[in-house]
Amino acid sequence: MNVDLLTIDSARTSIMERQTTATALAENFYKKIEAEDERIGAYLTLCKERAFEQATRIDALADKGDPLPPLAGVPVGVKDVMVTRGVRTTAGSKILSNFVPPYDCTAVAKLEASGAVVLGKLNCDEFAMGSSNENSAYKPVHNPRDLSRVPGGSSGGSAAAVAAGMAVATLGSDTGGSIRQPAAFCGVVGLLPTYGRVSRYGLIAFASSLDHIGPLTKSVKDAAILLGQIAGRDPLDSSSADVPVPDYTQEIGREVKGLRIGIPKEYFGEGLDPEIRQAIEKSIDRLRAAGCEIVNISLPTTDYAIPTYYIVATAEASANLARYDGVRYGYRSKNARTLSEMYRRTRDEGFGAEVKRRIMLGTYALSAGYYDAYYLKAQRVRTLLARDFDHAFEKVDAVITPTTPTPAFKLGEKTDDPLAMYLADIYTVTADLVGIPGISVPCGSTSNGLPIGLQILGKHFDESTILRIGHAVEHAQAKA
């Protein structure tokens, strides 16, 4: 069986029709991982015992002819910032190198309740802090499309596993673009749900008001299927929204004729790679030909999105990461003689350079002398960004932009320039700050074969519309 071509539907159908078994499917994927992941580095931990127990349950249902759940036997991977009962969860950090959680993240529990087979935990930037997956404490991830280049971050392992055929679908997390940006770099689909659409319970926190869990898949339909299974209110997460979850798969087949698509001028200015601009404009022309109304709009506060994001995100990170002190769980320094020295050495030895940088920036922004000048001002600008989108959505149904300003860059190219690295998220951070949904869909490639992603942003809890437009872009691209 060629696992590279499997989708959620085809994997489930092959098990239902007894063309294969869930156990055989998992075995094939583990063989693929064993053969290819050494050069890619997508997985940090495999959970074969758990995977085969789930596969056996699915095979028993199929043998009896019982109805199969929506994700029956589908092999998936999970970013290593989502806790998994009995399976090591590191968040890509040395400080959690020995952490084995006693419970499951809600999104992971929902995946397994829907029949999915979790193959393992996927590599990521430490505590989801990065845009290239070079900040993992264990190993960098290589882009399967070009091994000399980054896969994007922080969900680089999640994107690379799908692109390399080492999982049918994966879960990632997105705080400033960490699902959509690696999806664009690796040529897969990455979906950011509305804040509150998917429970964050069991997601190791980076910035609590910005963190989202979402799917990375081979197709828009697969993203729609996966979102439908993990979305919904969770009593364990007070920030999850009690909003009905539609059948997204029924929505994506509807025609896009009559939809109004906003094109913000601020996203097509200086710094955008010419080949990316050309690919996005071609996709816009195809949507126009399909009957969409293209509307030029302005999002005037966009220029302030990056500085606003890096103040809010680092401030929240500095508070969230205070819990890692060597006392309750995780790594503890062996070279300390006093309690205060143990705190200090544990954090110094356990955290990487980027995490330390962000803790220091966040602590500074929250300090008594600078709170008003930085953090409070950033929150006010965040409100202005939200107003920009509110005004735009009075005129349009969705907004289209590039996902990234450039294609995937070389490994090591930006590691010594944090500001250049931060600008890789320039088109994605606004959606997280505002809490709206977004999706990155492949829309072409550069002259040297690197994938290009198109980003579609929508109204709060209107994932249906962006999936519908994304499906139209995908269909038009396939015909081109």
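In the second largest cavity, the lining residues comprise four nonpolar, three polar and three charged. Here Ala, Val, Leu, Ile, Met, Phe, Trp, Tyr, Cys and Pro count as nonpolar, Asp, Glu, Lys and Arg as charged, and the others, Gly among them, as polar. The lining is made up of Pro 193, Thr 194, Tyr 195, Gly 196, Arg 197, Val 198, Arg 200, Asp 211, His 212 and Ile 213. The volume of this second largest cavity is about 40 Å³.

The model is predicted: local features need pLDDT of at least 70, side-chain atom pairs count only at pLDDT 80 or more, and totals for chains, interfaces and linings use all residues. Residues are numbered from 1 along each chain as its sequence is written, and side-chain values use heavy atoms, with hydrogens and water left out.

A cavity is a set of points, on a 1 Å grid over the protein atoms alone, where a 1.4 Å probe fits but cannot get out; lining residues have an atom within 4 Å of a point. Grid points are joined across faces, edges and corners, and a volume is the space filled by probe spheres set on the points. There are two cavities of 30 Å³ or more.

Turn to the largest cavity. It holds about 50 Å³ of space. Its lining includes Ala 128, Gly 130, Ser 131, Tyr 309, Tyr 310, Arg 358 and Asp 425. By class, that lining has four nonpolar, five polar and two charged residues.

Next come the pockets. A pocket is an open set of grid points with protein on both sides within 12 Å along at least five of seven lines. The largest pocket has about 280 Å³ of volume. Its lining counts 16 residues, and Tyr 103, Leu 203, Ile 204, Ala 205 and Arg 323 lie nearest its centre. Eleven of the lining residues are nonpolar, two polar and three charged.

The second largest pocket has about 240 Å³ of space. It is lined by 14 residues, with Glu 266, Glu 270, Asp 303, Ile 426 and Tyr 427 closest to its centre. Seven of the lining residues are nonpolar, four polar and three charged.

Where does Tyr 343 lie? Tyr 343 is in helix 11, residues 339-350; a helix is a DSSP run (H or I, at least four residues), numbered from the N terminus. Tyr 343 counts as partly exposed because its relative accessibility is 33%, between buried (under 20%) and exposed (over 50%), with a 1.4 Å probe and protein chains only.

Terms used:
Helix = DSSP H or I, 4+ residues; strand = E, 2+ residues; numbered from the N terminus.
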